[in-house]
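Have a look at the model below, and then we can walk through it together.

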Amino acid sequence: MRQLFNQLISFPYFFKIAQISFPYLFLLSILVILLGVLWGVFFSPVDVTQGEVYRIIYLHVPAASVAQSIYYTMVIASITYLIWRIKMASVFMISMAPLGAIFTFLALFTGAVWGQPTWGTWWVWDARLTSTLILLILYLAIISLFSSFDRRASTDQAVSIVVLIGGINLPIIKLSVEWWNTLHQSASITLSGSSIDNEMLIPLLISIFGFYLYVTAIGMRKMQVEILKREISHNWVKEIFIEKR
Amino acid sequence: MKSFYFKTFQRDSKVYLSRSSSFLGPIVFFLITITLYPLAFGSDEEKLAELSAGIIWISILLANLLSHQFIFNEDYKDGSLDLVLASGKSLFLWASIKIFVNWYFSSLPLIFLSLLTSFMLYLPFDAALILALTLFLGTPILSMFGALAGALTLERGNIVGSSIVIPMCLPALILGILAIQSYKNEELFFYIFLLAAFLFFSIPILIASCLGAIRLHFE
């Protein structure tokens, strides 16, 4: 177990693993997303109260779920970096933050498209929408930190401090925003059970799974790029690319 | 023999007093912003009374952004930060004193001013007292987040800093406003206590992360 962990946090080993597994993972994720979304859009029953519009949840819910999960994994990575100084953790944070921003934006966008016919407006200042917007701002602020230092190590440390403080603060922000206003329907899927009918739930879960696979694949690719940026002058990089020729 | 920490306090206070821009800057900014709102929204008494608590809180939040680069920046530029780091004194206490002096000179005047401006914005007197109380609890949080942002971006300007500070400070703003809005009910204490909890919760975390942020410039 420990050996496996040590191998995964070494740049050359991770690079090779990602190089091999990326095409399969990427293809698989596209297939799973297509399966989930197409099933959801064409074959699952129509919602009684919301009509056909509800079908956007097959994009909205996975995007929102991924957007939040990325932040939590980044918090774990930041703790790892601050305690053990594992460089892979900072590579992870720096590669994942843009992805998180994109998916948060996607969640807000699909939410607005859904809200227009359902609530009659593109945007309401509801607790969840507001805290998602704040999540987006936080992601963008973190991304803007990337270029504000001259040295690599300073960037890594600054980013991990901000991610950690944001991670501590995010639940507080969420709670305070909830006291401030609530309109959004509460979460339909919890660990104890779900209020959604199975025929809608199964494609939704497939779609969520597909989004997670997609983020894993793209995240690995982005981490490879980040590793190459940092290690471009090292011998193992040259070996890999000369062997390929 | 005066202790190192007391001397830090004295020296910082003298620096703030001798440089009018550092403590007058936020005051002028605050007064201008307060004036802008009635000019933009009209001088209708009821409307302003409804908005006034939010106006004052937002103006103070923005005015705080002006002063936070002063906290550690000059010590970094003239090299005294190196000496403090090498001296082996308690950095935690040292940073707390610096943040306290910054709060004392940039936020405390604004709290008193906010009591005066609340009459100009037709806020009821009871609510104005609650406003001052929430500001007493809330502005140290703003100063500490400002210090963190200033410590992160010692070399560069504070554009990045403010985009980090504002989203992090939102709970303070929301709890403060909620407390003022419910100044007649018993819920008031709920929000005041939560705001106080947020303050005491953030003191150790934020000052420790300030020190982490300072150290990263010396690695």
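Here are my notes, point by point.

1. A word on the ground rules. This is a predicted model, in which local features need pLDDT of at least 70 and side-chain atom pairs count only at pLDDT 80 or more, while totals for chains, interfaces and linings use all residues. Residues are numbered from 1 along each chain as its sequence is written, and chains are lettered from A and ligands numbered from 1 in the order in which they are written.

2. Let's begin with the make-up of chain B. You will find 10 helices and 0 strands there, where helices are DSSP runs of H or I with at least four residues, strands are runs of E with at least two, and both are numbered from the N terminus. Following the sequence, the pattern of chain B reads α-α-α-α-α-α-α-α-α-α.

3. Next, the overall form of chain B. The C-alpha trace spans about 55 × 35 × 35 Å along its principal axes.

4. How much of chain B is buried? The share is 43% of its 219 residues. A residue counts as buried if 20 or more other C-beta atoms, placed from the backbone, lie within 10 Å of its own, as exposed if 12 or fewer do, and as partly exposed in between.

5. Now for contacts inside chain B. Among those between residues at least 6 apart in sequence, 79% join residues at least 24 apart. Two residues are in contact if their C-beta atoms, placed from the backbone, lie within 7 Å.

6. The two chains also touch. Chain B brings 21 residues to this contact and chain A brings 22 residues. On the side of chain B, the elements giving two or more residues are α9 (159-181) and α10 (187-215), and α9(B) supplies the largest share, 10 residues. That side holds 14 nonpolar, 5 polar and 2 charged residues. Here Ala, Val, Leu, Ile, Met, Phe, Trp, Tyr, Cys and Pro are nonpolar, Asp, Glu, Lys and Arg are charged, and the others, Gly among them, are polar.

7. Take a look at A:R85 in the loop between α3 (57-84) and α4 (87-119) of chain A. Its phi is near 55 degrees, a positive value in a residue other than glycine. A:R85 counts as exposed because it has 12 C-beta neighbours inside 10 Å.

8. Finally, visit B:Y122, in the loop between α7 (108-120) and α8 (125-152) of chain B. Phi of B:Y122 is positive too, near 65 degrees, in a residue other than glycine. With 17 other C-beta atoms within 10 Å, B:Y122 is partly exposed.
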